[in-house]
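Here are my notes on this one, point by point. Have the viewer open while you read.

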Protein chains: 2
Amino acid sequence: MLAGLAGAQGMGPGDVLVMAHKPVSKAEGRVVALADVRPGPAARELAERTGEDPALCELILAESRRIVRQRRGTVIAETHHGFVCANAGIDASNVDPGAVVLLPVDPDASARRIQARLAAALGGRVGVVVTDTHGRAFRRGLVNVAIGVAGFAGLVDLRGGRDRGGRLLVATDEALADELAAASGVLMPKAGGTPAVAVSGVATLPSPGGVGVLLRDPAHDLFRDPGDPASPR
Amino acid sequence: MLAGLAGAQGMGPGDVLVMAHKPVSKAEGRVVALADVRPGPAARELAERTGEDPALCELILAESRRIVRQRRGTVIAETHHGFVCANAGIDASNVDPGAVVLLPVDPDASARRIQARLAAALGGRVGVVVTDTHGRAFRRGLVNVAIGVAGFAGLVDLRGGRDRGGRLLVATDEALADELAAASGVLMPKAGGTPAVAVSGVATLPSPGGVGVLLRDPAHDLFRDPGDPASPR
């Protein structure tokens with residue numbers, strides 16, 4: 001199903017290209033030298049509380065709507081896009097020392113641009129997923145998730161379908177773009193060097209795409225906000 | 001990389017079998033008729049608060065260490081295994097009406113039994129992942145995650161490795177078993193009928209396995225417990 005890929009070699013219509021955001025971010029100029037950043041008072045306060053670099057904290061605050069959790073050594077932010085992740089997705093690996101890579105300003109737009117070029121080159125419909133590597137609540141270890149989607153429906157609504165016994169399926173939205181992102185992680189070593197994988201043979205629903213369908217409305221999220229005491233057993 | 005699989009046909013040494021827990025649970029007798037369950041006072045109280053079936057609530061309480069969140073229509077529990085998921089993993093799809101399927105008592109042991117049989121049949125090392133389908137904090141849509149792992153290391157510790165620029169990688173535990181579980185979801189439709197997929201060509205680390213490495217210590221989990229006020233921006 002997956003094959004290592006240099007560019008779009010070997011891709012055909014119907015395939016999905018899953019690519020790490022870092023080369024996209026770099027191509028879009030989203031690399032910042034920490035020495036060029038002047039931390040403001042809020043960033044210095046966040047740095048004080050967490051032990052993180054004040055310049056990094058300034059960038060985290062600039063990239064996020066709000067800080068969701070903060071601890072010594074840990075800042076979980078909700079980015080302007082709506083992603084809840086460590087350091088607002090800012091990353092220092094596979095980049096020059098003293099520099100960091102920010103997420104694309106609009107990863108869906110990045111995905112659409114790549115998708116349009118690929119579709120033109122291949123003469124048919126293709127899908128594109130741009131990924132980032134996230135930690136998870138409750139579970140250890142990193143997995144890739146979708147941060148930009150183009151050309152297919154990233155969330156597949158199975159409600160109204162029936163199981164093999166004829167029972168109505170409920171609450172069965174399948175996070176297809178996230179499944180593909182996670183699968184790509186098996187073939188995209190964190191040490192870098194494999195920026196994209198092509199996925200063949202997966203049934204996708206034609207759609208403009210967009211990652212928004214994969215983001216839970218904060219009002220319906222049971223874990224983003226504190227202050228929700230569970231009753232004791 | 002992935003191919004639909006009936007039994008272990010086509011598998012070879014080094015492959016990983018990723019299978020849904022439901023056939024495993026059924027084979028282990030973990031099917032309960034709700035009519036046979038007598039809800040106690042705690043279950044009736046939980047049913048009252050959430051609108052769920054009192055018998056289902058009795059089973060949720062029996063299967064869990066504690067309730068993590070509860071809302072009208074939603075119970076998130078921490079199972080005795082340590083999984084944080086809806087309804088303690090109890091599921092009513094693809095089973096007779098009025099019956100529900102519980103998670104295996106020890107999904108690692110289930111994975112080890114399947115792994116031993118496969119390894120003997122194939123004459124070489126194989127890996128096994130038993131999966132369940134979970135929702136996520138912050139994101140919409142379901143993905144498969146590992147609930148049992150045998151024959152390989154489900155979490156790959158990359159700390160101490162270096163990126164392509166020679167920088168030390170930090171905080172890069174890769175949740176390999178969860179990546180494989182998520183990938184399998186692309187090929188295991190929720191309507192049922194495809195209980196397992198075989199994965200070839202993935203480098204795995206020989207290990208007895210065990211899903212425990214993928215479970216975050218509750219003491220280090222920022223989202224399980226309420227009462228963690230983030231400072232305002």
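1. Where is the place of Asn87(B)? Asn87(B) sits in the loop between strand 6 and strand 7 (99-101) of chain B; helices (H or I, at least four residues) and strands (E, at least two) are DSSP runs, numbered from the N terminus. The phi of Asn87(B) is near 55°, a positive value in a residue other than glycine. Asn87(B) counts as buried because 21 C-beta neighbours fall inside 10 Å. For the record, a residue is buried if 20 or more other C-beta atoms lie within 10 Å of its own, exposed if 12 or fewer, and partly exposed in between, with C-beta atoms placed from the backbone.

2. Before going further, a word on the source: this is a predicted model, where local features need pLDDT of at least 70, side-chain atom pairs count only at pLDDT 80 or more, and totals for chains, interfaces and linings use all residues. Residues are numbered from 1 along each chain as its sequence is written, while chains are lettered from A and ligands numbered from 1 in the order in which they are written.

3. Ala88(B) is found in the loop between strand 6 and strand 7 of chain B, and has a positive phi of about 55° although it is not a glycine. With 26 C-beta neighbours inside 10 Å, Ala88(B) counts as buried.

4. Chain B has an open sheet of 3 strands in the order 4-5-6, with antiparallel pairing (two strands pair if DSSP finds at least two bridges between them). Strand 4 (64-71) and strand 6 (84-86) of chain B stand at the edges with a single partner strand each, so one side of each has no neighbour in the sheet. Direction ignored, neighbouring strands of this sheet are turned by 25° against each other on average. Strand 5 (residues 74-79) of chain B is joined to strand 6 of chain B by 3 bridges, and Glu78(B) stands opposite Val84(B) in strand 6 of chain B.

5. What lies across strand 4 and strand 5 of chain B? That is helix 2 (residues 41-50) of chain B, running at about 25° to strand 4 of chain B. On angles in general here: axes are lines fitted to C-alpha atoms, for helices over the stretch in contact, and angles run from 0 to 180 degrees between N-to-C directions.

6. Helix 2 of chain B also packs on helix 3 (residues 54-63) of chain B, at an angle of about 120° with the axes 8 Å apart. The crossing is right-handed (left-handed if the near helix is turned anticlockwise from the far one by less than a right angle, right-handed if clockwise). Residues of helix 2 of chain B in this contact include Ala42(B), Arg44(B) and Leu46(B), and those of helix 3 of chain B include Pro54(B), Cys57(B) and Leu61(B). By class, the contact of these two helices divides into 7 nonpolar, no polar and 2 charged residues. Ala, Val, Leu, Ile, Met, Phe, Trp, Tyr, Cys and Pro count as nonpolar, Asp, Glu, Lys and Arg as charged, and the others, Gly among them, as polar.

7. Between the chains, helix 5 (residues 176-187) of chain A packs against helix 5 (residues 176-187) of chain B at about 135°, axes 8 Å apart. That makes helix 5 of chain A oblique to helix 5 of chain B, given that angles under 35 degrees count as roughly parallel, over 145 as roughly antiparallel, 65 to 115 as roughly perpendicular and the rest as oblique. The crossing of these two helices is left-handed. Their contact has 10 nonpolar, 2 polar and 4 charged residues.

8. Back to a loop in chain B: Glu28(B) is found between helix 1 (21-27) and strand 3 (31-33). Leaving aside neighbours within four places in sequence, Glu28(B) is in contact with Pro104(B) and Ser110(B) (contact: C-beta atoms, placed from the backbone, within 7 Å). Glu28(B) and Ser110(B) are 82 residues apart in sequence and 8.8 Å apart in space, C-alpha to C-alpha. Glu28(B) is partly exposed, with 18 other C-beta atoms within 10 Å.

9. Last, chain A, with its 5 helices and 13 strands. Strand 9 (residues 143-152) of chain A is mostly covered, as 10 of its 10 residues are buried. Strand 8 (residues 127-134) of chain A runs antiparallel to strand 9 of chain A, joined by 7 bridges.

Notes:
Contact = placed C-beta atoms within 7 Å.
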